[in-house]
Amino acid sequence: MRLLTHNMLSSNIKGVANRFPLKIEVVKVVEKEVDFNIDFLKNMFHKVEWKALAEASRTMGYTELPETADATMLDSDDFLHKFHHALLELHLEEGALVCPETGRKFPVNKGIPNMLLHEDEV
Amino acid sequence: MLSRTAKIPLVSSHPEVYEPCDDSFALVDALLADRTNLLQHHPSICMEIGCGSGYVITSLAVMLGHEGSIPYYIATDINPHAIRVTRETMDAHGVYAELVNTDITSGLEKRLAGSVDVLVVNPPYVPTPEEEVGCEGIVSAWAGGENGRSVIDRILPAADNLLSDRGWLYMVTLTANNPSEICLEMRNKGYASRIVLQRSTEEESLHIIKFWRDSDCQLELKNLNYWTKLVRS
Ligand SMILES: C[S@@+](CC[C@H](N)C(=O)[O-])C[C@H]1O[C@@H](n2cnc3c(N)ncnc32)[C@H](O)[C@@H]1O
């Protein structure tokens with residue numbers, strides 16, 4: 001699971017107010033190289049919650065993203081490459097996503113998050 | 001010639017996962033017929049709900065390709081075996097999608113809202129007793145409850161929520177699902193629609209419908225709301 005997907009996921013448990021971001025518990029991270037696409041990054045920059053991405057990437061062992069970011073930084077090649085790496089190349093292969101409110105764990109196995117709920121959570 | 005769809009021998013399988021069937025082929029043929037438009041559309045995010053064997057999302061990725069990281073492919077299924085089989089099918093074709101094991105789009109609806117440019121769905125559409133809907137195993141791959149609409153009727157609002165302003169939805173329906181009523185419901189949400197492929201097999205008559213947000217529909221809707229209010233007051 002890429003961090004872009006993490007950035008798009010929230011806790012889906014019924015009645016929970018604080019759903020995002022899910023905390024990450026890391027068992028295994030893998031890195032997979034993908035081609036750099038500047039338009040995609042610029043487009044996604046406006047959709048991504050920066051704080052959540054920066055914190056998630058730190059949890060995954062990548063500490064190069066700044067705490068805050070604004071659109072003027074998209075002019076910097078260095079920034080774009082770091083953003084690209086964090087957003088698309090870091091994969092949570094094994095671990096869990098944790099609901100920020102309830103602590104309920106959504107397992108991630110072989111890179112696939114399991115967001116299925118138990119009957120009493122729907 | 002380069003293949004433009006997933007290759008059947010490379011599609012992985014599992015006893016509890018829906019194998020590519022007439023409906024899957026019809027959907028992929030409809031996408032292939034619209035390929036030029038899809039390429040010109042330059043989608044950023046493409047999604048499938050209910051990916052099963054992965055045949056459809058793999059075919060989409062094969063026919064549109066990747067330009068760097070674009071488009072971003074993401075697929076969901078409620079069946080964990082289907083998700084694993086989809087991963088194998090995609091790996092065998094050298095393509096990649098993010099996969100989420102979830103009910104329809106649960107967990108994605110908040111942050112992915114308004115972002116999906118192309119959404120494809122071959123839902124469980126067969127009319128069955130309501131108890132069969134969503135039960136474990138292969139039955140949930142086709143069981144659609146009354147008129148085959150139980151899951152479809154949950155997918156439509158989810159699709160409306162996820163589609164971007166320029167988003168397109170391609171969905172498989174059966175005559176028994178009452179496609180014209182589905183189109184009318186989507187029209188009330190501001191979507192135009194067109195049957196892009198119709199195919200009758202021995203057992204069923206399938207329609208692949210394409211939906212897109214249409215400003216005329218939205219305008220009409222506003223007018224309609226205005227007139228109803230006026231008449232009521
Ligand atoms: C008719 S099969 C289509 C499979 C594949 N897309 C194809 O065209 O060959 C429907 C798929 O939807 C999945 N499904 C059924 N109910 C679902 C739900 N509530 N949420 C997500 N997926 C669901 C089934 O597990 C099955 O894989």
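The structure is a predicted model.

In chain A, an open sheet is built from 4 strands, arranged in the order β1-β2-β3-β4 with antiparallel pairing. Strands of a sheet pair through backbone hydrogen bonds, either parallel or antiparallel. The edges of the sheet in chain A are formed by β1 (23–31) and β4 (112–113), each of which pairs on one side only. Strand β1(A) runs antiparallel to β2 (residues 90–98) of chain A, and 8 bridges join the two. Within β2(A), A:H91 is the bridge partner of A:V30.

Helix packing was examined next. Two packed helices are described by the angle between their axes and the distance between the axes. In chain A, helix α3 (residues 50–59) packs on helix α4 (residues 77–89) at an angle of about 70°, and their axes are 10 Å apart. Because angles of 65 to 115 degrees count as roughly perpendicular, α3(A) is described as roughly perpendicular to α4(A). The contact involves A:W50, A:L53 and A:S57 from α3(A), together with A:F79, A:F83, A:A86 and A:L87 from α4(A). Of these contact residues, 6 are nonpolar, 1 is polar and none is charged.

In chain B, helices α3 (residues 55–64) and α4 (residues 80–93) pack with their axes 9 Å apart, at an angle of about 25°. This angle makes α3(B) roughly parallel to α4(B). The crossing of α3(B) and α4(B) is right-handed. Helix α3(B) contributes B:I57, B:T58, B:A61 and B:V62 to the contact, and α4(B) contributes B:T86, B:T89, B:M90 and B:H93. The residues of this contact comprise 4 nonpolar, 4 polar and no charged.

Notes:
Residues are numbered from 1 along each chain as its sequence is written. Chains are lettered from A and ligands numbered from 1 in the order in which they are written. This is a predicted model: local features need pLDDT of at least 70, side-chain atom pairs count only at pLDDT 80 or more; totals for chains, interfaces and linings use all residues. Side-chain values use heavy atoms; hydrogens and water are left out. Two strands pair if DSSP finds at least two bridges between them. Axes are lines fitted to C-alpha atoms, for helices over the stretch in contact, and angles run from 0 to 180 degrees between N-to-C directions. Angles under 35 degrees count as roughly parallel, over 145 as roughly antiparallel, 65 to 115 as roughly perpendicular and the rest as oblique. A crossing is left-handed if the near helix is turned anticlockwise from the far one by less than a right angle, and right-handed if clockwise. Contact means heavy atoms within 4.5 Å. Ala, Val, Leu, Ile, Met, Phe, Trp, Tyr, Cys and Pro count as nonpolar, Asp, Glu, Lys and Arg as charged, and the others, Gly among them, as polar.
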